[in-house]
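Trainee: I am new to this structure, so please take me through it slowly, one question at a time.

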2 protein chains.
Amino acid sequence: MAREDDVMPDIADVTMVDVLRAVADPIRLRIVQTLADGQPHGKCGTHWDFGVHKSTMTHHFRTLRQAGLTRTVVAGRTHTIELRRDELDARFPGLIDALTTTEVPMGGTAADRA
Amino acid sequence: MAREDDVMPDIADVTMVDVLRAVADPIRLRIVQTLADGQPHGKCGTHWDFGVHKSTMTHHFRTLRQAGLTRTVVAGRTHTIELRRDELDARFPGLIDALTTTEVPMGGTAADRA
DNA sequence: GCAATAGTATGATGGATGTCCAACGGTAGG
DNA sequence: CCTACCGTTGGACATCCATCATACTATTGC
């Protein structure tokens, strides 16, 4: 039976602000960048070591799913999460690419280069 | 004399999360999308009619500037704002393009198409 | 100088948000 | 069945944030 947790919005109802608010968080952006490999990833605490509480991760996963970014697949005791890549690319062309392109480090602050 | 207000961060110190947090707001996203025409726009209340208070617009403009997205040029009594396009494109390739690509309307909600 | 205009500064406020903690609910294995 | 594991739920809490209203500064023009 489909639990309340597994529902996700239709991609057409997702606005750009919804997506941006979802990824405007260090942890959630990292999750999306990791999910960009196309593979499903578990929600297990071993995979995502951000130093936050277990329930905090649940909160972030729910935020991503409600924003239309991810899909959750329940397989017994373990849950896997994956990016809704095709739908997102069709709705917001180039956005996921831009978000998951690894940011240029540039080493240090501007003061260091002055 | 350079007022405190005119300072903006070095582009290298701007993180992706900074940018995303800045545009994760309906009004500020609209501002960025409008600024994407490359032209400088005034901060005057006539140009931006979002139905919010004058000081609220000041808050949004400051947020965008502090996030490294915009540059403010003071010309006497009027201030003009413009997108730091080249720097942003170099630091976050494709991001501004993706943000300013007009979102597909798709008319109505998912329920309407069912 | 004085009034009008453009924009900022400051303070208050209600709502959203990230975090933790404790308790709960399925699932797998003995 | 009972325990361990994976993940969620609900509450509590502190912080951030968007907004407004008022007061203030700076510039232009009479």
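Trainee: How many bridges join strand E1 of chain B to E3(B)?

Mentor: This is a predicted model, in which local features need pLDDT of at least 70, side-chain atom pairs count only at pLDDT 80 or more, and totals for chains, interfaces and linings use all residues. Residues are numbered from 1 along each chain as its sequence is written, with chains lettered from A and ligands numbered from 1 in the order in which they are written. Strands (E, at least two residues) and helices (H or I, at least four) are DSSP runs numbered from the N terminus, and two strands pair if DSSP finds at least two bridges between them. Strand E1 (residues 41-42) of chain B runs antiparallel to E3(B), with Gly42(B) having Thr80(B) as its bridge partner, and the number of bridges joining the two strands is two.

Trainee: Which residue in the turn between E2(B) and E3(B) has a positive phi?

Mentor: Strand E2 (residues 70-75) of chain B is antiparallel to E3(B), joined to it by six bridges, and Ala75(B) stands opposite Thr78(B). The two strands form a hairpin with two residues between them, and the turn residue with a positive phi, about 65°, is Gly76(B).

Trainee: Which strand of chain B gives two or more residues to the surface near DNA strand C?

Mentor: A residue is near the DNA strand if its C-beta atom, placed from the backbone, lies within 6 Å of it, and 23 residues surround DNA strand C, with His53(A) and Ser55(B) among the closest. Helix H3 (54-66) of chain A and helix H3 (54-66) of chain B each give two or more residues to this surface, and so does the strand asked for, E3 (78-83) of chain B.
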